Amino acid sequence: MIANYPFSAVVGLEDLKLALVLNAVSARVGGVLVRGEKGTAKSTIVRALAAQLPVVEVVRGCRFACDPQAPGQDCPDGPHAPGEERVRRNASLVELPVGASEDRLVGSLDVERALTEGVKAFEPGLLAAAHRGVLYVDEVNLLHDHLVDLLLDAAALGVCYVERESVSVRHAARFLLVGTMNPEEGELRPQLLDRFGLTVEVKASRDPDERAEVVRRRLAFESSPAAFAERWAAAEAELAERIVLARGRLASVQLPDARLRQIAAICAAFEVDGLRADLVTAHAAIAHAAWNGRRSVEVTDVRAAARLALPHRRRRDPFDAPGLDEDLLERLLEETTDEPPSDEPPTDEPPAGGPPPVDPPGEGPDDSRLDTDRPSGDTAPGGQPQNLAPRDNSGRGHDVAPDRGERPEADQQDGIQPVAVAGVAAPYRVRLLTVPGVGEGAAGRRSRARTGRGRSTGSRLPRGRARDLHIPATLLAAAPHQVRRGRQAAGLLLRADDLREKIREGKEGNLVLFVVDASGSMAARKRMTVVKTAVLSLLLDAYQRRDKVGLVTFRRQEARLDLPPTSSVEAGAARLRALPTGGRTPLAAGLVKAAEVLRVEHMRDPSRRPLLVLVTDGRATAGGDVKRAAGLLRGVASVVVDCESGPVRLGLARALAVRLGAPAVPLEDLGSVVRDYRKAV
């Protein structure tokens with residue numbers, strides 16, 4: 001229940017409550033993306049929202065929840081005649097699991113019945129079930145990209161289209177879209193982030209009293225759920241009634257031209273791409289005004305809308321964190337309005353004295369008052385500045401910290417060489433490294449694989465129910481049996497065992513495990529800066545190709561798993577930047593650790609094929625037999641990035657590559673020479 005949650009116990013939950021309410025008031029806001037660490041009640045508050053939504057009237061027996069007052073023209077269960085029997089029910093809450101298929105999401109045609117019986121039978125999916133309700137996607141960042149595309153297209157259009165074998169079905173699909181994600185498990189692509197209307201970042205409070213209150217209420221609920229619900233029933237009913245009233249006044253809220261120009265100026269100043277930010281901010285500001293009982297949008301409404309609509313649209317590159325400079329927002333609000341902005345934060349309570357007067361027409365902001373010398377820094381969560389200047393269009397990637405050279409630090413545990421932390425230069429585009437053969441892993445963009453999407457390469461007997469029918473193969477399988485089956489009419493007589501489904505080949509994502517030599521020899525002549533930049537470039541490539549990544553480093557006397565396999569390349573980039581160098585080179589330990597990580601990961605996800613990227617100069621000055629350790633990785637698709645430099649080279653990395661059965665790529669050639677694993681091997 002939303003009303004009973006102590007929102008101060010989780011930083012950002014007040015914003016989350018407001019974002020959900022604005023979407024409940026106006027479906028045009030475009031949904032909410034909730035980002036935050038685990039255990040912050042993201043799912044709890046989203047599930048509580050459905051109980052606060054007004055009841056809906058639907059045509060009895062309609063699987064697509066058609067409104068009796070305006071039934072869908074294309075409803076597969078229609079057409080619905082005026083005056084059909086109707087029922088009232090609560091708004092639905094539909095959850096989309098991460099492992100859902102495309103057919104489960106959008107629905108599917110029963111192609112078998114269509115061919116054998118001539119019946120166009122459609123089975124609705126989750127989008128139909130969510131119509132006029134809430135569609136909740138937990139861990140949306142782990143959902144396949146093509147499903148996210150379908151989901152967001154339906155949310156934007158309000159219509160779901162299903163195309164199967166020249167048969168087309170469409171139906172209404174208007175719902176409140178809510179997605180939650182833990183950034184530690186990987187980010188959404190910026191273009192998908194942009195499709196969510198609002199975003200909220202939540203994290204647990206560190207205040208003991210606030211945390212204790214959460215536990216106190218949870219224990220009260222577990223002790224007596226009925227009594228707990230009764231205690232908060234009045235507050236829940238009040239919240240639901242307020243949503244109904246805000247919906248009723250939404251159409252009468254005016255957006256003065258002055259506020260519209262203010263929204264446009266703010267979006268332009270924050271350099272967001274496209275115009276979706278302007279539209280979402282305008283719709284959110286109107287909904288916020290309706291929620292607070294106003295007949296006209298004010299600066300307070302614009303401020304509240306911008307704080308929710310812009311942070312995720314400031315993220316330009318995979319390693320950028322969403323964030324908004326609140327000080328810059330306040331400056332822009334002051335510079336684009338003739339009235340002093342309120343010092344009080346936006347309130348969720350309607351004003352006691354009724355709605356304020358509408359802005360006089362014609363009082364817009366003066367464009368000349370925009371400060372062209374505004375600060376070029378934007379503050380991300382945690383206070384780290386981000387560059388607001390236009391990006392470099394050279395194609396070298398996003399801006400990162402420049403190379404500051406080696407920064408020696410005290411290292412009392414290793415008396416051989418001091419520890420240093422190398423800087424990182426701007427990443428560059430690397431060429432494709434692939435795993436040989438054809439896999440069956442999760443959809444991605446790296447190696448060949450049999451997937452549910454891609455080009456058709458053949459046919460096979462269905463595994464279960466036939467969904468992706470191969471028509472020519474089906475007809476060829478049925479043709480020899482027509483006389484025996486007594487065919488007399490023009491059509492073919494088909495049976496279930498005639499059906500064939502398509503075999504499709506596309507691309508898969510792999511597990512890219514980086515094994516990086518961080519010993520003292522790598523720190524010589526600032527070589528580690530070049531190495532870090534190369535690995536960062538490979539990380540960026542892994543992000544673009546939907547890979548999981550892991551990072552093993554070895555130095556001194558041991559190897560460490562600095563980053564367990566994850567979809568979050570941002571975490572990998574952060575660990576890489578902070579990676580120290582120095583000490584001896586336990587190469588064998590690094591190889592043994594890599595074999596151990598790959599073995600465990602194969603048990604967890606046997607369909608995801610690994611690609612080992614070993615970054616080393618081949619020297620081994622500590623611990624273990626390198627030949628024996630390399631044997632543990634024989635058969636694993638590998639690439640050795642040879643970091644040896646200088647006029648005299650020993651060729652140790654190349655010799656190691658031979659033992660691994662892998663190609664050796666000189667570090668300086670990583671971004672300029674095509675090194676396809678299959679060709680090199």
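In which loop is the place of Glu 271? Select Glu 271 in this predicted model: its place is in the loop between α11 (257-269) and α12. Its phi is near 55°, a positive value in a residue other than glycine. Most residues other than glycine have a negative phi. With a relative accessibility of 21%, Glu 271 counts as partly exposed.

Next, select Glu 139, found in the loop between β8 (134-138) and α6 (145-157). Here too phi is positive, near 55°, in a residue that is not glycine. Glu 139 has a relative accessible area of 21% and is partly exposed.

Go on to Gly 78 and Pro 79, which are joined by a cis peptide bond with omega about 0°. Most peptide bonds are trans. Pro 79 sits in the loop between β3 (56-59) and β4 (86-89).

Now select helix α1 (residues 13-25) and helix α2 (residues 42-49), whose axes come within 11 Å and cross at roughly 30°. Angles under 35 degrees count as roughly parallel, so α1 is roughly parallel to α2. The crossing of α1 past α2 is right-handed. To show the contact, pick Leu 13, Leu 16, Lys 17 and Leu 20 of α1 with Ile 45, Val 46 and Leu 49 of α2. By class, this contact has six nonpolar residues, one charged and no polar.

Finish with the nonpolar cores. In the largest, which has 59 residues, Leu 198, Phe 270 and Leu 310 touch the most other members. Helix α12 (residues 276-291) supplies the largest share of this core, ten residues. A second, separate core has 37 residues, including Val 106, Leu 109, Val 140 and Met 181.

Technical notes
Residues numbered from 1 in each chain as written. Predicted model: local features only at pLDDT ≥ 70, side-chain atom pairs only at ≥ 80, totals over all residues. Heavy atoms only, no water. Axes fitted to C-alpha atoms, helices over the stretch in contact; angles between N-to-C directions. Helix = DSSP H or I, 4+ residues; strand = E, 2+ residues; numbered from the N terminus. Parallel < 35°, antiparallel > 145°, perpendicular 65-115°, else oblique. Left-handed = near helix turned anticlockwise from the far one by under 90°. Contact = heavy atoms within 4.5 Å. Nonpolar A, V, L, I, M, F, W, Y, C, P; charged D, E, K, R; others polar. Core = buried A, V, L, I, M, F, W, Y, C linked by side-chain atoms within 4.5 Å. Buried < 20%, exposed > 50% of the residue type's maximum accessible area, 1.4 Å probe, protein only.
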